[in-house]
Amino acid sequence: MDVKTNGDVSFWYADIGGTPAYRPPLPGDAEADVCIVGAGYTGLWTAYYLKRADPALRIVVLEKEFAGYGASGRNGGWLSGGFSWSREKYEKASSRRGVIDMQAAMTGTVDEVISVADVEGIDADIRRTDELLVATNEAQEERAKAMHAHAKSWELTDERVAYIDAAQTRRRVAVHNARGAFVIKKVARVQPAKLVQGLAKAVARLGVPIYEQTTVLSIEKGKVTTNRGVVRAEKIVRATEGFTAGISGFERLWLPLNSAIVVTEPLPDSLWKEIGWDGHEVVGDCAHTYCYAQRTREGRIAMGGRGVPYRFGSATDKRGVTQQATIDQLHTILTTLLPRTKGLRLDHAWCGTLGVPRDWCTTVGFDRQTGIGWAGGYVGLGVSTSNLSGRTLRDLMLGRDTELTRLPWVNRTVKKWEPEPLRWLGVHAMYQLYQIADAREAQGLGRTSKLAALADRITGH
Ligand SMILES: Cc1cc2nc3c(=O)[nH]c(=O)nc-3n(C[C@H](O)[C@H](O)[C@H](O)COP(=O)(O)OP(=O)(O)OC[C@H]3O[C@@H](n4cnc5c(N)ncnc54)[C@H](O)[C@@H]3O)c2cc1C
């Protein structure tokens, strides 16, 4: 399938007139109280909350490209309040109450992001809506119902989650073969680049310099070495998420998994009337190789999914250029779920990386001995989680003992990924098995394929 633009970071930048002009780089060696590495949502939220809590702090942010170059300027715009991955895994090292508190704190990020956007005058096309995870075959239906039951078992009430049947689903969005959907309420849709650009401006307005085109080469206690000079700081935050494997010493910490998105031309009103989607829900499916979509403010469809899952040696893309095979795959998913989109042009395609820890569970932390903090490994759910990271890092770095610093995701240690080629083989085997499992289920298997469970076991998913 042809696409007008491939890469150029993302459509979200084309939507606002192109990628921004660079801010100046680090002018040479410097000293600060806090040095934050990476100007995505995580680094920027951390700078925002820290500076507001203590305006006297000298904070600098270092960014190898421009603020919002990474996943924060490329994602699907689901501000979901969800988190990765397994409540049970967190529970093992904490308590049921702790996990429920964490779930509540994550849910609260949706309101928090919307309220800061209001206060700071950030217009990020934010729209409160529901998340629909649509089942299109019997096995998916079984999983969607199980997700609903599981959420309820973790005390999520009807205010927050629901299961809707085929007719109710199709009344919302005319997904072909829809058999029902798991609904998560009180989420929001955002335009990711508008959010990250607005946040960067808010941080700069507080007096925090963001030095762009400044690549961090190493992070040690009290010292960040870049290609432009050395920053000495008592406290340091590593906020490089899907790019973390590129920093010396962190090669096997978080695996950079690819995700890619295609965007259609704006749909004519007549087509929207057939499809519905009046609630602008964020919509995904229940496949193992799941997809995620949003209806943009201008009436386009942005549809994302995995594509080629992982590049050998943790390599990352070049300014978001993705493979033709991935574009074709996403187009097939789009036109299978919404066959009426078949004649539409694709205006843009791009990809980005998300950080995946070995146990697929996100973490935030601060080591008092070294003064180094971190947050990430969001496994594709960082739009809202990164906000909680920023507030949690603020409390940890200011030495505060708060409800946030006691949540079970704080200071968890996770084992590293295997060296290559095991890493590459494991991830590719997992996705191949998922694809076969999805195909068997689509052919009418009637239950979740055992191959999916095998895939999960291989990579600890
Ligand atoms: C295609 C795609 C779709 C997604 N969809 C969703 C979604 O709908 N909802 C959701 O919740 N999450 C989604 N995610 C995940 C979400 O976007 C991320 O979890 C989140 O943006 C991570 O923010 P971050 O600030 O931690 O990382 P990033 O935004 O990746 O920021 C890291 C920054 O660090 C910089 N950097 C890296 N290395 C260095 C270095 N050596 N020196 C200096 N700077 C460096 C990078 O340039 C980058 O700007 C998606 C991700 C992708 C890729």
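These legends describe close-up views of a predicted model. Local features need pLDDT of at least 70 and side-chain atom pairs pLDDT 80 or more, while totals for chains, interfaces and linings use all residues. Residues are numbered from 1 along each chain as its sequence is written.

**View 1. The shell around the ligand.** Around the ligand are 46 residues, of which Gly38, Gly40, Gly70, Gly352 and Gly382 come nearest (a residue is near if its C-beta atom, placed from the backbone, lies within 6 Å of the molecule). By class, 18 are nonpolar, 23 polar and five charged (Ala, Val, Leu, Ile, Met, Phe, Trp, Tyr, Cys and Pro count as nonpolar, Asp, Glu, Lys and Arg as charged, and the others, Gly among them, as polar). Helix 10 (382-397) is one of the elements that supply at least two residues of this shell, and with four residues helix 10 gives the most. Helices (H or I, at least four residues) and strands (E, at least two) are DSSP runs, numbered from the N terminus.

**View 2**

**View 3. Contacts of Cys35.** Leaving aside neighbours within four places in sequence, Cys35 is in contact with Val60, Leu62, Val224, Val231, Ala233 and Ile236 (contact: C-beta atoms, placed from the backbone, within 7 Å).
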